[in-house]
Structure formats: C-alpha cells, structure tokens
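This report covers model confidence, core packing and charged side-chain pairs. Please look over the sequence and the model before reading on.

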Amino acid sequence: MKTLTIKEAVERVNNGASLEGIVLDKWSMLQVNVRDAMILSRGGIVIPEENIYYDDTEIEYDEEIDELVIGKEITGLSWEEKSERFEVHQRTEKKVSIDILTDESEIEHWIEKNKRRLGDILKPIVVDLFKAEQMIKGNAPDNG
C-alpha cells in the first residue's frame with residue numbers, strides 16, 4: 001500500500017489515475033476541504049463527514065440554485081390560509097373506486113391491506129394514462 005496526502009490523491013484522481021491500493025495520510029485526512037472530498041469520492045475513497053470542512057467564501061454563486069424561489073405564494077400564507085386552501089382542495093378532489101379481481105385470495109388480502117398506498121401509487125399512473133389517451137385521440141385536455 002502506498003500512502004499519499006490528500007493533495008497528492010486529489011491530483012491523482014484529477015489526472016485520471018486510480019486510487020486502488022492507496023492509503024491516505026492520517027494527518028492530512030483530519031480536515032479535508034469539501035471539494036477535495038468530492039473528488040476523492042469519485043476515486044473511490046470516502047472521507048468521514050466529521051473530517052470534511054467548507055468555507056462559505058469558497059462557495060460559488062449559482063443563479064439556477066441561488067435564485068430559486070420555492071412556492072413563494074404558499075410560504076407567505078398564514079397557517080389559517082394554508083388550512084383553508086387544503087380544505088378547498090380536499091372538497092374538489094373526488095374519490096373514485098375500482099374493482100380489481102384476482103384468482104388468489106392472498107393477493108386480494110394484500111390489496112385490501114394496502115388499499116390506501118395503492119391509491120397513492122396508482123393515481124399519477126391513471127392520470128398519465130388518461131392524458132396519453134386524450135393526446136392519442138387528439139383531444140388533449142387543457143392544462144391551463
């Protein structure tokens with residue numbers, strides 16, 4: 001086994017060389033920059049989280065991430081307003097039942113036991129199937 005410092009190992013990965021058979025110097029591994037840790041992980045060496053540090057001044061501005069606004073119209077609402085919106089949504093959503101017939105009682109039991117979960121899983125699938133059928137027929141539903 002060959003022992004390398006973090007800097008040497010990072011250079012090795014950046015040059016496309018393998019880190020197989022490499023051991024990191026325990027002193028240089030005590031505190032590893034987050035960028036170096038990511039490079040080393042690409043090379044197959046994972047640095048323990050408690051040994052990773054980062055400096056806020058080294059973080060680059062990324063317009064796509066830093067300017068991201070997540071649901072500003074919803075996050076600005078009071079709890080009462082959010083509750084009212086939820087109630088309206090609950091009232092407009094209609095429950096539809098379907099029968100699934102099988103020859104096996106074990107499967108029927110499983111379906112009955114997991115009915116709620118199956119509904120959550122199947123809902124987006126059914127919606128996509130409906131939209132696909134409408135598109136094929138040339139009657140795409142208005143999403144606006």
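## A residue and its contacts

Which residues does I45 touch, not counting residues up to four places away in sequence? On that basis, I45 is in contact with L19, I22, L24 and L40.

## Nonpolar core

The largest nonpolar core has 14 residues. Those that touch the most other members are I6, A9, L19, L24, L40, I45 and I47. Two or more residues each are given to this core by α1, β2 (22-24) and α2 (34-42). Helix α1 supplies the largest share, 4 residues.

## Confidence

The model is predicted. Its mean pLDDT is 81 for the protein, and 81% of the residues score at least 70. Confidence is highest in helix α1 (residues 6-14), with a mean of 92, and lowest in helix α4 (residues 72-75), with a mean of 58. Where pLDDT is low, the predicted coordinates should not be read in detail.

## Salt bridges

There are 2 salt bridges in the structure. One joins K115 to E112, with 3.2 Å between the closest N and O atoms. E112 has 52% relative accessibility, over the 50% cut-off, and therefore counts as exposed.

The other pairs E133 with K137, at 3.7 Å from N to O. Both residues belong to helix α7 (residues 115-137), where they sit 4 residues apart, about one turn of the helix.

Key. Residues are numbered from 1 along each chain as its sequence is written. This is a predicted model: local features need pLDDT of at least 70, side-chain atom pairs count only at pLDDT 80 or more; totals for chains, interfaces and linings use all residues. Side-chain values use heavy atoms; hydrogens and water are left out. pLDDT is the predictor's confidence in each residue, from 0 to 100. A salt bridge is a side-chain nitrogen of Lys or Arg within 4 Å of a carboxyl oxygen of Asp or Glu. Buried means under 20% relative accessible area, exposed over 50%, partly exposed in between (1.4 Å probe, protein chains only). A nonpolar core is a set of buried Ala, Val, Leu, Ile, Met, Phe, Trp, Tyr and Cys residues joined through side-chain atoms within 4.5 Å. Contact means heavy atoms within 4.5 Å.
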